Amino acid sequence: MRLKDVIVGGVMTAAGILYLRMGNALPEKEGVDAATVPGILAWMMIALGLIELVGALRRPAVAGEGAEATGAMGGLLTVGLTLALIAGFIAALRPLGFPIAAALYLFLQFLVLTPRGGRPPVPLYAGLAVGAAVFIFVTFRYGFDLLLPAGPLVAWLN
């Protein structure tokens, strides 16, 4: 049993349950409403947390688990940068709007998660980030009829 995996699975499950409770507090409408996507994400988080927890509990302990500490510093740096990017995304959401803030966040997150040793495909990352941000924005705004902050782009939207 790997203690770190048990902790991650437990924390992810607890966070999913907390997120589900917070999502249930949102006002409800008939059909797809503001609580639909948070509810789906919460159930997925709970399921993934339970899968991680069960997998960690069923896995036997490995004798050389202390050797993982050398690679842990790189992992901690990645986690720290990811948390900083999430905080930056939240801070930029109102002034820049969702499409611009999400595209910037995704592009930078792609760079953070790129394995070391190779050159990242920057044009590909930029295209994926912009495409994903636009797709999500259009889906929520016109498909689900839920408004996301548009920022300076509000002048060009109906």
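A helix here is a DSSP run of H or I of at least four residues, a strand is a run of E of at least two, and both are numbered from the N terminus. With that definition, Thr-82 sits in helix 3, and I will come back to it.

Before that, the ground rules. This is a predicted model, so local features need pLDDT of at least 70 and side-chain atom pairs count only at pLDDT 80 or more, while totals for chains, interfaces and linings use all residues. Residues are numbered from 1 along each chain as its sequence is written, and side-chain values use heavy atoms, with hydrogens and water left out.

Now the overall layout. The protein has 5 helices and 0 strands, and along the sequence that reads α-α-α-α-α. Of the 158 residues, 23% are buried; buried means under 20% relative accessible area, exposed over 50%, and partly exposed in between, using a 1.4 Å probe and protein chains only. A contact means heavy atoms within 4.5 Å. Among contacts with a separation of 6 or more, 62% join residues 24 or more positions apart.

Next, the record. An unreviewed UniProt entry lists residues 7-23, 35-57, 69-90, 96-113 and 125-144 under "transmembrane region". Those positions are in the numbering used here, feature names are shortened, and annotations may be inferred rather than shown by experiment. Two of these spans can be compared with the model. Residues 35-57 are 96% helix and 0% strand, with end C-alpha atoms 33 Å apart. Residues 96-113 are 94% helix and 0% strand, and there the end C-alpha atoms lie 24 Å apart.

On to the pockets. The search runs on a 1 Å grid over the protein atoms alone: a pocket is an open set of points with protein on both sides within 12 Å along at least five of seven lines, whereas a cavity is a set where a 1.4 Å probe fits but cannot get out. Lining residues have an atom within 4 Å of a point. Grid points are joined across faces, edges and corners, and a volume is the space filled by probe spheres set on the points.

The largest pocket has a volume of about 690 Å³. Its lining has 16 residues, and Tyr-19, Val-37, Pro-38, Leu-41 and Phe-140 lie nearest the centre. Helix 1 (3-24), helix 2 (36-58) and helix 5 (122-143) are the elements that each give two or more residues to this lining. Which helix gives the largest share? That is helix 2, with 5 residues. At least three lining residues of the largest pocket come from each of domain 1 (1-58) and domain 2 (71-155), with bounds taken from an automatic or database domain assignment.

For residue classes, Ala, Val, Leu, Ile, Met, Phe, Trp, Tyr, Cys and Pro count as nonpolar, Asp, Glu, Lys and Arg as charged, and the others, Gly among them, as polar. The lining of the largest pocket then has 15 nonpolar residues, 1 polar and no charged.

The second largest pocket has a volume of about 170 Å³. Met-12, Ala-15, Leu-18, Tyr-19, Met-22 and Met-45 line it, and helix 1 gives the most, 5 residues. By class, this lining has 6 nonpolar residues, no polar and no charged.

Two of those lining residues are worth a separate slide. Are Leu-18 and Met-22 buried or exposed? Leu-18 has 52% relative accessibility, so it counts as exposed. Met-22 counts as exposed because its relative accessibility is 51%. The C-alpha atom of Leu-18 is 8.3 Å from that of Ala-42, 24 residues along the chain. Met-22 and Ala-35 are 13 residues apart in sequence, with 9.2 Å between their C-alpha atoms.

Thr-82 counts as buried because its relative accessibility is 19%. Beyond residues up to four places away in sequence, Thr-82 touches Gln-109 and Val-112. Ala-87 lies in helix 3 too, residues 69-96, and is partly exposed because its relative accessibility is 45%. Its C-alpha atom is 9.9 Å from that of Tyr-105, 18 residues apart along the chain.

Ala-103 belongs to helix 4, residues 98-113, and counts as buried because its relative accessibility is 13%. Leaving aside neighbours within four places in sequence, Ala-103 contacts Phe-98, Ala-129, Val-130 and Ala-133.
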